[in-house]
Amino acid sequence: MNEVAELDSVDWRILEELQNDATLPNRTLADLVGLAPSTCLQRVRRLRELGVITGFHAVVDPRLTGLPLEAVVSVNVRPHTRPVVAAFRAFVMAQPETRSLFHVSGQADFLVHIAVADSTHLQAFLMDKIASRTEVRNLTSAVVLERVETRALTPPNDQRPTHRRRRVP
C-alpha cells in the first residue's frame, strides 16, 4: 500500500482548482492559490511526481456523441479468483461502451458504467458481451436517469490542513 503524501493547505487548494478546471494556465492557477508562478509550477510537478495527480482528462457529454443512454450494470462472477477477476476486468475495459469499472464488495462483484446509443444497443451489450461470458453468474442493469457530476476531492473539514508545508532544503 502506498504511503499517504504529505499535503498542506496550498497543495489542497491547487488540487481543488485543477480538479475543477485542469486547463488553467499556471499563471492563473498561481494567482488563485496565492503563489508565485514558479513556486506553483514546482508544487504541481511535486504532486505529479508523488502520484497525487495521475493525469488530466476531458469530460465528454455522452448525449452529444450519440451515446445518450447510460446504465450501471451489476455483475457477479464465479469463481471469484484473481485470474477470473483480472480477465473480466480486462475484457470489460476493452469494450468501447465502458466508461468506468468498479470492483466492489457487497452483493455485486463489479459495477460497470456504460454509455450506449439506445435500448437495442444496451440489450446487445448485456446479452452478447456480458451475459455470454462463462464466468458471469448473474447481472442486473439500471438505466441512469440523471447523472450529477462528481465534486473535487477535498479533505473532510476535520482533516483539512491549516498549515503550509515547511520547505525542506
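How many bridges join strand E1 to strand E3, and do they run parallel or antiparallel?

Modeller: This is a predicted model, where local features need pLDDT of at least 70, side-chain atom pairs count only at pLDDT 80 or more, and totals for chains, interfaces and linings use all residues. Residues are numbered from 1 along each chain as its sequence is written, and side-chain values use heavy atoms, leaving out hydrogens and water.

Now to your strands. Strand E1 (residues 69-77) and strand E3 (residues 110-116) are joined by 7 bridges and run antiparallel. Strands (E, at least two residues) and helices (H or I, at least four) are DSSP runs, numbered from the N terminus. Two strands pair if DSSP finds at least two bridges between them.

Next, the whole sheet. Its 4 strands follow the order E2-E3-E1-E4. The sheet is open, with antiparallel pairing. Strand E2 (98-103) and strand E4 (136-143) stand at the edges. Each has a single partner strand, so one side of each lacks a neighbour in the sheet. From one strand to the next, the twist averages 20°. Angles run from 0 to 180 degrees between N-to-C directions, with axes fitted to C-alpha atoms, for helices over the stretch in contact.

Helix H4 (residues 82-93) packs on this sheet. H4 touches E1, E2, E3 and E4, where contact means heavy atoms within 4.5 Å. The direction of H4 makes about 165° with that of E2.
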